[in-house]
Amino acid sequence: MESMRVLLAEDDPLLGQGIVDTLTRAALTVDWVEDGPGALAALKSGGFDLLVLDLGLPRIDGLEVLRQLRAANNRIPVLILTARDRADERVRGLDAGADDYLGKPFDSAELLARLRALHRRQRGAAASAIVVGRVKLDPAAMMVTLDGRLVELPRREFALLQLLLENAGRVLTRESIVDKLYRWDEEVDSNAAQVHIHHLRKKLYPELIKTIRGVGYLVPKVAEDT
Ligand code: CA
């Protein structure tokens, strides 16, 4: 299965640990924070595919976390955890921009099913073609063209190029690239990203991907004059 990084914001230690165990057994990567400020800080650092958000969080409650997130134009899919008997909580959560909800207590299989559905929906929504410079990548068709000519890429290079193009204008660190492209249980050579980047530059064109020394890689948003 494709890797999915989940941020869990839940202050109940037993429930939190239960969710971490459930997601970990399903081979998802999960980071766990226990209050609102922790959630906001983690989200700012980025790299998560989904947020599981308890509404009753200490210091800054879940609803406020959600509002701040959406106000900052962060579109991460959010599943809120609410009390089973609180319809008003669900409504306010959905109004504030949650994508789905689950009433406590819930079944771990249902949690996983909801998360997978959200992730699929998100990927479907993001599946329109991306054009940067001379390159066009169509995620749905799994096709890359350079100046209109088809370029064949192995699956991992395609995924790396997609990651770089989706983040055009932002520097991606080597670590974040490896985190996204490899499951936590895969053996990864420390040069893996470098080797794939080398291939992409050769098959496309060198200026597409800039090396930021000691940090990582950047695809400039606007094609530069050379
Ligand atoms: Ca709580």
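Colleague: Why does Glu89 count as buried?
Modeller: Buried means under 20% relative accessible area, exposed means over 50%, and partly exposed lies in between (1.4 Å probe, protein chains only). Glu89 comes to 17%. That value is under 20%, so Glu89 counts as buried. A caution on sources: this is a predicted model, where local features need pLDDT of at least 70 and side-chain atom pairs count only at pLDDT 80 or more, while totals for chains, interfaces and linings use all residues. Residues are numbered from 1 along each chain as its sequence is written, and side-chain values use heavy atoms, with hydrogens and water left out.

Colleague: What makes Arg86 and Glu89 a salt bridge?
Modeller: The definition asks for a side-chain nitrogen of Lys or Arg within 4 Å of a carboxyl oxygen of Asp or Glu. The closest N and O atoms of Arg86 and Glu89 are 3.9 Å apart. The pair therefore passes. Arg86 itself is partly exposed, at 33%.

Colleague: How do you know that Arg92 and Asp88 are separated by about one helical turn?
Modeller: They sit four residues apart in helix α4 (residues 87-95). Helices here are DSSP runs of H or I with at least four residues, strands are runs of E with at least two, and both are numbered from the N terminus. Arg92 and Asp88 also form a salt bridge, with closest N and O atoms 3.8 Å apart. Both are partly exposed: Arg92 at 40%, Asp88 at 37%. Salt bridges with shared partners join Arg86, Asp88, Glu89 and Arg92 into one network.

Colleague: What makes the pair Asp35 and Arg59 a salt bridge?
Modeller: Their N to O distance is 2.8 Å. That is within the cut-off, so the pair counts. By this rule there are 13 salt bridges.

Colleague: Why does this pair tie together separate parts of the sequence?
Modeller: Asp35 lies in the loop between β2 (29-33) and α2 (36-45), and Arg59 lies in the loop between β3 and α3 (62-71), so the parts joined are 24 residues apart. Asp35 is buried at 17%. Arg59 is exposed at 69%.

Colleague: What makes Asp11, Asp54 and Gly56 donors of the calcium ion?
Modeller: Donors are N, O and S atoms within 2.8 Å of the metal, or 3.2 Å for Na, K and Ca. Asp11 (OD), Asp54 (OD) and Gly56 (O) lie 2.2 to 2.4 Å from the ion. They therefore qualify. Water is not among the atoms, so the site may look incomplete. Along the chain the donor spacing is D-x42-D-x1-G. Asp11 is in the loop between β1 (5-9) and α1 (13-25), and Asp54 is in strand β3 (residues 50-54), 43 residues away. Asp11 is partly exposed at 30%, whereas Asp54 is buried at 3%.

Colleague: How do you know that β6 and β7 pair?
Modeller: Pairing needs at least two bridges found by DSSP. Three bridges join β6 to β7 (residues 135-138), and these strands run antiparallel. Val131 stands opposite Lys136 in β7.

Colleague: Why are β6 and β9 called edge strands?
Modeller: The open sheet has the order β6-β7-β8-β9, with antiparallel pairing. β6 (130-132) and β9 (149-151) each pair on one side only.
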